Amino acid sequence: MKTKHPILLQVFMWTLTVIFLMPIYWLFISSVKSDREITQFPPTFWPKEFHWENFPLIWDRLDFTQTFWNSILVTVSATILITIFATMAGYALSKKHIFGKNVLFMILVGTMTVPPPALLLPLYFIIIKLGMYDSLISLIIPFGVTVFGVFFMKQYIDDVPDELLEAARIDGCGEFRIFFQVVLPVIKPAITTLVIIEFVNNWNSFTMPLVLLQSEDKFTLPLKLAMLSSESVAIPWSQVLAANLLTIVPVVVLFIVLQRFFIKGIMDGAVKG
Amino acid sequence: MKRFDLRKTDWTGYAFLAPALLILSLFVMYPIVWAFIASFKTINPMEMRQTGLFNIPGEFVGLNQYIEVFKNDLFIKSLWNTAYYGIVYIPITLVSSALLAIFVNRQLKGINFFRTVLFIPYIISIVSASLIFLFIFNSDQGLVNALLYKFGIDGPNWFSNSLLAMPVIAIMSAWKKIGYFMLIYLAGLQNIPHSLYESADIDGATPFKKFWYITWPLLGRITLVVSVLLMIDTLKVFQEIYVMTGGGPGDSTTTVPFLIYNEAFQFFRIGTASAMSYILFLIIIVITVWQKRAVDKKLG
C-alpha cells in the first residue's frame, strides 16, 4: 500500500511502540531500584542508582537454581515428546489408511473446544491414580502430545505430494525410512515452528503445575512467581519484579532469535484454520 | 472399490498414531467423559481415593447438580463478571488488532521491528504479565497513578474497587493478545489477491471503494472468526484472577473458571464443579456453532 504521510505514520508507529513496551520498560527499571526507591511516590522514571544485586538476592531467596532446572526439564521433555508424537500422528492421519480416520480427526478437533478448566479435576484424579501426583513426570507424559500439534502437523504434511512417497516406496524404501528420510526433511520448517510454540506454552504453563504439584522443590517458574503475589512474608516489589524478569528473559530471547518461524506458524495457522 | 482388507492393511500407520492416541485418550478424551458422568453424580472425595482408574463412584442424581448450580448466586454473579470482562476485552482487542493489521500491512521504515514489538507481550506468561500490571496499577507506587498525578488527578485504588478491577485485568489481556490477533488479521489481508486491487484500479475505483468492496468484506469474515476466539478467551480467564485479585474485591472478579477451580480444589465439590464445567462447555459449543452458521451464511 502506498503511504501519503510517512512522517505522521512514523510518529504514530513510535508512539504505539512506546505504549506497548512501557510495561516491559517499567518491569526492567523497577527491578533494579533499591527497596527504598521502589516505595516512593511518585515513582522515578529512571533509577537513581542501579541495584543489580536484586537479581542474585532473589535468586537465592527463592532457590531459583532448582526452579529453573525444573522448568527447563519439564519444558524440554514435553516439547520433545509433543514434537515427535504429533509429527508421527499427523503423518499417519494425513498419508495412511486408517480405519475411521475422518471421524477420529473430527473428534480430536472437537476436543479443542473443551474449556481447560473442565479437565482439571478429572486430570487430577487420573494422575493421582497413576501415581504421578506431585512429580515432574505428571507435567511431561500426560501433556506429551497436543491436539493442536497433531492438527498443525497434519495440515502441513497434507501439502507433501503423495508422488514423493510413492517414488520412495518403488525404490524399495521401508515405511519407517520414508518417514525419517523423506517426510521429515521436507517438513523441517513446520517442526521448528511447532517446537517454538510448544516450548513457550510449556514454559509459561501455570494451571496444571498449580493443580499437580505440592512440594515447593518441584515448583516450576510460573508457579513460584504466582506464590510471590500471595506470599505472607513481604518481599520488596523490586525483587519480585527481578524474579519476574529472570523468567521472561529465556522466552523473549528465544522469540527474538526465531521470530520468523513463530510469526509464520501463526499466520499459516490463521489461513488454514 | 475400497474394501478393508486385513492382509493389505498398512499397519505402520497405526504404529505412527499409537503414542499420540494413547496419551490423548487417557488425558484428554477420558477426562471429558469423566467430567460428564461426574456432573450427574454426587461424589465423596474420600470415596474417590479408593477406586480404580476407570471407576467413578457415587450416587446418580440426574440433573440435580445443574439445578443447584443455577440456584447458586455466586455462579450467576461469575457469569456476569465474565460478561463484564468480555465487554471490555473483546471490543478493545478486536478494533485495535484490525486497525493495527491494516496499518502494518504496508511498506514503512521499521515496520518489522514494530510488528515484533507488538508481538512480544504475547509470549510473556500470564503470570508474569499479571505481576507487571499488578505493579503498574498499584495505587501508591504504580506508574498509572503516577501519570495521573502529573495531571493533578488522584488515581483510584484500582484493585480494591469492584468496578475497576475487572477492566484492568481485561486491559492486561488486551495488551497481551493484540499482537497475536493483529497477525491473524494480517494473514487475512495478505491473502487478498493483488489482482483484485489491480483490476479495481483499472476500473478507476477510489481508495474508499477499494476498501469497502474488497478489504472490508474479507475483514468481516476474519472478524467473525476472531470474535469467536475472543469469546472463548473470555470464558477461560483464570490465571490472571488467581494472581491479581483472587476473585475479589467482593467476588467482583470471580470468573466462571476461577469459580470452578475453587469449587473443585478448595471445597472438593466434585459434582457441582463438573456441572459448571459442562455449562461452560455448552456455552462454547453454542458460540462455535453460531459462528459456523454465520460464516456459512456469509459465504453461501
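Leaving aside neighbours within four places in sequence, which residues is Met267(A) in contact with? The legends below describe close-up views of a predicted model.

**View 1. Met267(A) and its partners in chain B.** Met267(A) is part of helix H13 of chain A. Its contacts outside the four-place sequence neighbourhood are Leu183(B), Leu186(B) and Ala187(B). With 18 other C-beta atoms within 10 Å, Met267(A) counts as partly exposed, because a buried residue would need 20 or more.

**View 2. The contact of chain A with chain B.** Chain A supplies 75 residues to the contact and chain B supplies 80 residues. On the side of chain A that touches chain B, the most residues come from helix H13 (residues 237-272), which gives 15. Sorted by class, this side of chain A holds 58 nonpolar, 14 polar and 3 charged residues.

**View 3. The largest nonpolar core.** The core has 151 residues, and the members that touch the most others are Ala89(A), Val145(A), Val150(A) and Ala20(B). Helix H8 (residues 165-190) of chain B contributes the largest share, 16 residues. The core lies between domain 1 (12-63) and domain 2 (72-268) of chain B, because both give residues to it. The C-alpha centres of these two domains of chain B are 35 Å apart.

**View 4. Surroundings of Val150(A).** Not counting residues up to four places away in sequence, Val150(A) touches Ala86(A), Ala89(A), Gly90(A), Leu93(A), Leu108(A) and Val145(A) in chain A, and Ala20(B) in chain B. Among these, Ala89(A), Val145(A) and Ala20(B) are, like Val150(A), the core residues that touch the most other members.

View 5. The unreviewed UniProt entry lists "domain: ABC transmembrane type-1" at residues 79-291 of chain B. In the model this span is 75% helix and 0% strand, with its end C-alpha atoms 21 Å apart. The feature "transmembrane region" is placed by the unreviewed UniProt entry at several spans of chain B, including residues 83-104 and 267-290. Residues 83-104 of chain B are 100% helix and 0% strand, and their end C-alpha atoms lie 31 Å apart.

View 6. Helix H9 (residues 194-202) of chain B is hardly covered, with 0 buried residues among its 9.

How values were computed:
Residues numbered from 1 in each chain as written. Chains lettered and ligands numbered in written order. Predicted model: local features only at pLDDT ≥ 70, side-chain atom pairs only at ≥ 80, totals over all residues. Buried ≥ 20, exposed ≤ 12 C-beta atoms within 10 Å, placed from the backbone. Helix = DSSP H or I, 4+ residues; strand = E, 2+ residues; numbered from the N terminus. Contact = placed C-beta atoms within 7 Å. Nonpolar A, V, L, I, M, F, W, Y, C, P; charged D, E, K, R; others polar. UniProt positions renumbered as here; feature names shortened; annotations may be inferred. Domains from an automatic or database assignment. Core = buried A, V, L, I, M, F, W, Y, C linked by C-beta atoms within 7 Å.
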